[in-house]
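Q: Please pick a single part of this model and take me through it closely. I would like the geometry with the cut-offs spelled out, and then a look at what surrounds it.

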Amino acid sequence: MVTEETIELLLRSQDAEFLDQSAEPSLPIAALIVTTAGDELWASAQVLLASPDPRRRILGTRLAREATPFQAEAAEVLGALLASESNQDVIWWLVRAFGFLNSESVTNLLPALARDESARIRYNVATALANCAELRPASLDALTELARDDDAEVRFSAVYELGAWWGLDHDPHVRGTLERALSDSAPFVAKAAADALEN
């Protein structure tokens with residue numbers, strides 16, 4: 001069982017990770033995920049996700065995403081939270097989680113976030129949209145919009161994901177967006193488009 005003492009340790013570790021802006025995940029969180037049964041992770045995640053503390057909701061999101069036997073349930077709960085969440089940091093983690101969790105339940109929520117003020121969130125929206133089981137017209141429109149974003153990293157994320165879809169079904173709308181990206185001012189975006197069109 002994941003105790004409150006363990007949760008406090010994980011929260012302190014998470015705080016330190018964010019303070020350092022570390023690219024590496026918290027080792028205590030990673031260790032807990034590897035060594036804890038999925039049902040325990042999911043039970044702990046549900047408690048954390050219901051907390052008024054954003055730090056706890058973030059930790060709950062991270063644990064829910066990894067509770068592999070319960071990914072369908074996790075997607076439903078995280079989708080409901082995403083629909084009502086106002087904290088930008090929590091939203092970032094929620095959208096990021098849907099880059100790992102395949103869920104149709106958020107396809108109506110994610111396109112609106114393609115216009116979020118945070119480039120970090122917009123970057124993750126592209127991956128989350130592309131991870132849904134089907135690229136719907138609203139999702140395609142959002143990815144096309146993201147491929148023209150002011151932020152080059154966001155454009156790359158969208159172009160990369162569109163390239164993956166292009167490789168699957170050769171949708172002519174996707175091709176047009178990829179062709180426009182060939183002349184992108186950021187070389188890494190143009191290369192992602194060129195690589196995709198070679199397939």
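A: The side chains of Arg155 and Asp184 meet in a salt bridge, with N and O 2.7 Å apart; the term stands for a side-chain nitrogen of Lys or Arg within 4 Å of a carboxyl oxygen of Asp or Glu. Arg155 sits in helix α10 and Asp184 in the loop between α11 (172-181) and α12, so this pair links parts of the chain that are 29 residues apart. Helices here are DSSP runs of H or I with at least four residues, strands are E runs of at least two, and both are numbered from the N terminus. Arg155 and Asp184 are both buried, a label for under 20% relative accessible area, while exposed is over 50% and partly exposed lies in between (1.4 Å probe, protein chains only).

A word on the ground rules before going on. This is a predicted model in which local features need pLDDT of at least 70 and side-chain atom pairs count only at pLDDT 80 or more, while totals for chains, interfaces and linings use all residues. Residues are numbered from 1 along each chain as its sequence is written, and side-chain values use heavy atoms, with hydrogens and water left out.

Helix α10 (residues 152-169) packs with helix α12 (residues 187-197) at an angle of about 0°, their axes lying 9 Å apart. Axes are lines fitted to C-alpha atoms, for helices over the stretch in contact, and the angles between N-to-C directions run from 0 to 180 degrees. The two helices, α10 and α12, are therefore roughly parallel to each other; that label covers angles under 35 degrees, with over 145 counted as roughly antiparallel, 65 to 115 as roughly perpendicular and the rest as oblique.

Arg155 belongs to this packing too: α10 brings Ala152, Glu153, Arg155, Phe156, Val159, Gly163 and Trp166, and these meet Phe188, Val189, Ala192, Ala193, Ala196 and Leu197 of α12. By class, the contact of α10 with α12 has 10 nonpolar, 1 polar and 2 charged residues. In that count, Ala, Val, Leu, Ile, Met, Phe, Trp, Tyr, Cys and Pro are nonpolar, Asp, Glu, Lys and Arg are charged, and the others, Gly among them, are polar. Contact itself means heavy atoms within 4.5 Å.

Thr144 is in helix α9 (residues 137-146), and at 14% relative accessibility Thr144 counts as buried. Leaving aside neighbours within four places in sequence, Thr144 is in contact with Leu162, Thr177 and Arg180. Ala130, in helix α8, is buried as well, with a relative accessible area of 15%. With neighbours within four places again set aside, Ala130 is in contact with Glu161 and Trp165.

For context on the ion pair we started from, a search of the whole structure finds 13 salt bridges. Side chains of opposite charge can pair when their charged atoms come close. Another such pair is Glu8 with Arg56, whose closest N and O atoms are 2.6 Å apart. Glu8 lies in helix α1 (residues 4-20) and Arg56 in helix α4 (residues 54-66), so the pair ties together parts that are 48 residues apart in sequence.

Asp15, at 32% relative accessibility, counts as partly exposed, and so does Arg55, at 30%. For Arg155 and Asp184, by contrast, both residues are buried.
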